Amino acid sequence: MVRSFSVTARQRVRMIDPVLLICTLLLTAMSLTTLGGGLGKMMDFSSSAFTVQIISVVMGIAMMLFITIADYEEFIDKFGKAFYVFSLMLLEGTLVFGVAAGSNMSYLRFGPVGIQPSEFVKAAYIMTFSKHLAFVRDKINNFKHLAGLALHAGLIIGLILISGDLGVALVYMGFTVIMLFCAGLSSWFFVGIGAAALIGFPYVWPMLHDYQQKRIIYGFKPELDPLDKGLQPLLSRQAIANGGMWGQGIDGGSYYERLYASHTDFIFASFCEKFGFVGGIIVILTLVVMVVRILMIAKTARSLIGAYICIGAAAIIIVQTLENLGMCMAFLPVVGITLPFMSYGGSSMLSMYIIIGLVQSVRAHREKYFFEVEN
């Protein structure tokens with residue numbers, strides 16, 4: 001006699017991928033160590049920022065465990081459409097009621113608490129876009145279905161662009177392209193998009209704000225404006241170099257103290273100044289192992305939806321890491337991108353833990369049921 005039985009929540013938790021969990025906690029520990037090492041030395045490295053980061057980590061771990069237990073496919077079937085509609089409403093609400101962060105209208109504030117909606121929308125977008133890709137898998141190169149995917153992605157990315165947050169919009173574009181490529185979209189579409197971008201660039205460039213144009217120009221060549229737009233990436237590069245092989249120590253370093261956003265966008269530079277070239281390599285290798293492990297989980301997913309979720313999660317880490325490290329080493333324009341699990345920010349930290357929770361759910365639900373054979 002063959003009898004099926006459901007797997008309990010405790011058994012699901014035990015199915016968490018240990019390598020992915022260790023990488024996640026290691027990066028988080030390095031983040032807290034960096035923030036703790038700068039306490040009292042500058043306003044950004046304050047005790048309140050350190051406390052917020054710890055609270056975000058605790059909440060993130062709890063949410064990751066909850067999502068791991070939930071069946072990702074059933075969750076998407078029940079709440080996917082609602083999440084997508086709510087995401088659009090949240091981004092639209094941010095444009096109307098949001099608080100400006102520099103030149104971006106990308107934050108909502110509730111008393112002393114501020115959130116960045118575009119960070120949380122990532123998880124909902126990955127879920128719904130993965131389901132959409134799985135639905136049109138065999139017809140993805142059909143113009144009608146491709147138009148539907150473009151609309152799905154365009155509404156979200158368009159609202160983020162309108163808010164002025166170019167950096168986050170680039171992340172969305174980057175991991176969307178990777179997901180489409182892995183889903184089987186013809187290479188000719190990418191060639192066409194590339195050609196259209198080259199043709200349209202002279203027309204789009206004048207539409208950018210002056211500060212955005214300067215960010216791009218001086219981002220690739222910060223030496224052209226070392227006292228203004230190029231100052232931060234150059235300071236970041238000096239902070240990394242000042243760390244040497246082994247770093248200045250957890251309490252050491254001085255360049256990061258003069259670096260704007262040294263606890264968020266440029267935390268990699270702060271970490272390298274404190275822990276040196278060796279510390280920086282550990283961060284990069286940990287992120288690489290994390291991406292490889294997520295792609296391995298994608299191979300064992302029980303459905304295309306699960307595989308695409310994993311691909312989307314890996315793509316986010318790849319795109320954000322490349323953009324962030326490029327900024328920190330003065331190779332790419334400064335566009336305000338956080339380093340996954342390292343940068344300060346409750347929204348960023350919670351969002352990444354939720355996304356890892358989705359990957360863990362894919363791993364824990366490789367099979368819906370176990371089977372027991374009785375004679």
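Student: OK, contact means heavy atoms within 4.5 Å, so which residues does Ile156 touch, leaving out those up to four places away in sequence?
Tutor: Ile156 touches Tyr84, Ser87, Leu88, Leu91, Val121, Tyr125 and Tyr172, with residues up to four places away in sequence not counted. This is a predicted model, where local features need pLDDT of at least 70, side-chain atom pairs count only at pLDDT 80 or more, and totals for chains, interfaces and linings use all residues. Residues are numbered from 1 along each chain as its sequence is written, and side-chain values use heavy atoms, leaving out hydrogens and water.

Student: Which residues touch the most others in the largest nonpolar core?
Tutor: Leu133, Ile156, Tyr172, Phe175, Val283, Met290 and Ile294, out of 87 residues. Such a core joins buried (under 20% relative accessible area, 1.4 Å probe, protein chains only) Ala, Val, Leu, Ile, Met, Phe, Trp, Tyr and Cys through side-chain atoms within 4.5 Å.

Student: And which helix gives this core its largest share?
Tutor: Helix 12 (residues 304-328), with 15 residues. Helices are DSSP runs (H or I, at least four residues), numbered from the N terminus.

Student: New topic: how do helix 4 and helix 5 cross?
Tutor: The axes of helix 4 (residues 72-97) and helix 5 (residues 117-135) cross at roughly 140° and come within 9 Å. Axes are lines fitted to C-alpha atoms over the stretch in contact, with angles from 0 to 180 degrees between N-to-C directions.

Notes: Buried means under 20% relative accessible area, exposed over 50%, partly exposed in between (1.4 Å probe, protein chains only). Helices (H or I, at least four residues) and strands (E, at least two) are DSSP runs, numbered from the N terminus. Contact means heavy atoms within 4.5 Å.
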